[in-house]
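Please read it beside the structure.

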Amino acid sequence: MGVLYPRNVAVASLQERYRAATEAVAVLDRSQRGKLALSGSQAAEFLDSLLSNDIAAVEPGHGVTAALLTHKGRMLAEVRVLRTDAELELDCERAALQALFDALSGYRIGYDAELHKRTLQRGLLSLIGPGSERPLESAPGAVEHDHVETQIDGHGVRLIRTDVGIDVACSSEDTEALAAALATAGAEPIDEQTAEIVRIESGRPRYGVEIDETTMPQEAGIHERSVSYTKGCYIGQETVARLYWKGKPNRHLRGLRFEQPAEPGAPLALAGREVGVVGSVAHSPRLGMIGLALLRREAEPGATLEVAGGGSATVTDLPFER
């Protein structure tokens with residue numbers, strides 16, 4: 001999936017798309033994300049035993065993010081979980097969908113919980129920017145993952161609060177019509193490149209890019225929003241809890257400001273010793289060439305790293321300063 005430009009609408013420049021996403025409102029088709037659902041009287045209890053956050057405590061109309069972990073506390077997925085009156089809706093990066101589906105299928109035995117595939121059946125449009133409510137007649141609550149059912153241009157949708165705006169979940173056959181309606185209402189269609197700039201500036205890691213099956217939640221900096229340290233047992237809990245209470249992560253998610261363009265995957269060195277590799281890279285119209293990386297803890301903010309292939313990068317705190 002990519003950006004859906006309505007007919008007869010001129011394609012905006014990167015500067016214009018960036019301005020819409022950071023100063024007004026932009027819209028991006030993200031229907032490629034993996035989507036599943038769980039129903040049944042023990043759906044929440046089952047998911048609570050599998051994921052890192054307190055799913056059982058989530059009330060209808062609200063949601064959380066949570067991690068699916070290995071037994072050693074490494075991440076297989078970061079999952080958004082929304083609770084409705086009828087079921088639990090889940091979505092994740094497409095790269096993590098198979099691992100999530102396999103875990104839900106394999107551990108579900110003994111629970112009254114039915115698993116539903118929704119990736120192809122459901123569309124997802126992201127409104128990004130401080131004006132994300134402008135194209136809408138109603139909006140979800142102000143807390144991230146708050147959600148509400150409503151209609152846009154006669155189409156049933158679920159509006160979901162995000163860290164950068166509002167997601168519009170819909171039937172897949174309605175996606176194109178809704179994208180056009182939102183554009184007509186003032187949302188500038190953008191592409192993945194523009195959305196990645198906004199994500200990197202805000203310091204949000206992405207599964208399959210900065211995060212993979214070698215990463216612990218504390219290293220990725222997501223544990224405050226995705227891990228509960230007071231709920232009951234779940235897969236990987238012992239390792240994650242031990243690191244939280246008694247240890248220090250070996251790596252941290254950091255921002256990078258590059259001297260010159262760099263490639264994702266390029267090794268990064270501090271005083272001749274490799275401390276990580278480049279994750280995401282983007283050219284921000286405001287900040288220049290920036291990126292994200294998981295770095296060993298000795299690569300602290302302010303340090304200058306050597307980038308394999310040439311050039312250097314300065315380590316920064318996240319999010320990037322505006």
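The largest cavity is lined by 31 residues, and Arg30, Arg33, Glu93, Asp163 and Arg204 lie nearest its centre. A cavity is a set of points on a 1 Å grid over the protein atoms alone where a 1.4 Å probe fits but cannot get out; a pocket is an open set with protein on both sides within 12 Å along at least five of seven lines; lining residues have an atom within 4 Å of a point. This is a predicted model, in which local features need pLDDT of at least 70 and side-chain atom pairs count only at pLDDT 80 or more, while totals for chains, interfaces and linings use all residues. Residues are numbered from 1 along each chain as its sequence is written, and side-chain values use heavy atoms, with hydrogens and water left out.

**Cavities**

- The largest cavity has a volume of about 620 Å³ (the space filled by probe spheres set on the points, with grid points joined across faces, edges and corners).
- Strand 4 (75–83), strand 7 (122–128), strand 10 (165–171) and helix 5 (192–202) each give two or more residues to the lining of the largest cavity. Helices (H or I, at least four residues) and strands (E, at least two) are DSSP runs, numbered from the N terminus.
- Helix 5 gives the most to this lining, with 6 residues.
- By class, the lining of the largest cavity divides into 9 nonpolar, 7 polar and 15 charged residues. Ala, Val, Leu, Ile, Met, Phe, Trp, Tyr, Cys and Pro count as nonpolar, Asp, Glu, Lys and Arg as charged, and the others, Gly among them, as polar.
- A search of the whole structure finds 2 cavities of 30 Å³ or more.
- The second largest cavity has a volume of about 170 Å³. Its lining has 13 residues, with Lys35, Glu89, Leu90, Asp91 and Ala169 closest to the centre.
- Strand 2 (34–39), strand 4, strand 5 (88–92) and strand 7 each give two or more residues to the lining of the second largest cavity.
- That lining holds 6 nonpolar, 1 polar and 6 charged residues.

- The largest pocket has a volume of about 260 Å³. It is lined by 16 residues, and Gly203, Ala220, Gly221, Leu253 and Leu318 are the closest to its centre.
- Helix 6 (217–220) and strand 12 (251–258) are the elements that give two or more residues to the lining of the largest pocket.
- The lining of the largest pocket has 5 nonpolar, 6 polar and 5 charged residues.
- The second largest pocket has a volume of about 210 Å³. Of its 13 lining residues, Thr84, Asp85, Glu89, Glu149 and Arg158 are the closest to its centre.
- Strand 8 (147–152) and strand 9 (155–161) each give two or more residues to the lining of the second largest pocket. The largest share, 3 residues, comes from strand 8.
- Charged residues number 7 in the lining of the second largest pocket, beside 3 nonpolar and 3 polar.

- An open sheet of 5 strands has the order 3-4-5-2-6, with antiparallel pairing (two strands pair if DSSP finds at least two bridges between them).
- Strand 3 (63–69) and strand 6 (114–117) stand at the edges with a single partner strand each, so one side of each has no neighbour in the sheet.
- The twist averages 30° from one strand to the next. Axes are lines fitted to C-alpha atoms, for helices over the stretch in contact, and angles run from 0 to 180 degrees between N-to-C directions.
- Strand 2 and strand 6 pair antiparallel over 4 bridges. Ser39 has Glu114 in strand 6 as its bridge partner.
- Helix 3 (residues 97–106) packs on the sheet and touches strand 2, strand 3, strand 4, strand 5 and strand 6. Its direction makes about 15° with that of strand 2. Contact means heavy atoms within 4.5 Å.

**Strand 5**

- In strand 5, 5 of its 5 residues are buried (under 20% relative accessible area; exposed is over 50%, partly exposed in between; 1.4 Å probe, protein chains only).
- Leu88, Leu90 and Cys92 point one way from strand 5, and Glu89 and Asp91 the other way.
- Strand 2 and strand 5 run antiparallel, joined by 5 bridges. Ala37 stands opposite Glu89.
- Strand 4 and strand 5 also pair antiparallel over 5 bridges, and they form a hairpin with 4 residues between them. Val79 stands opposite Cys92.

**Gln237**

- Gln237 is found in helix 8 (residues 237–246). Gln237 counts as buried, at 18% relative accessibility.
- The C-alpha atoms of Gln237 and Leu69 are separated by 8.4 Å, with the two residues 168 apart along the chain.
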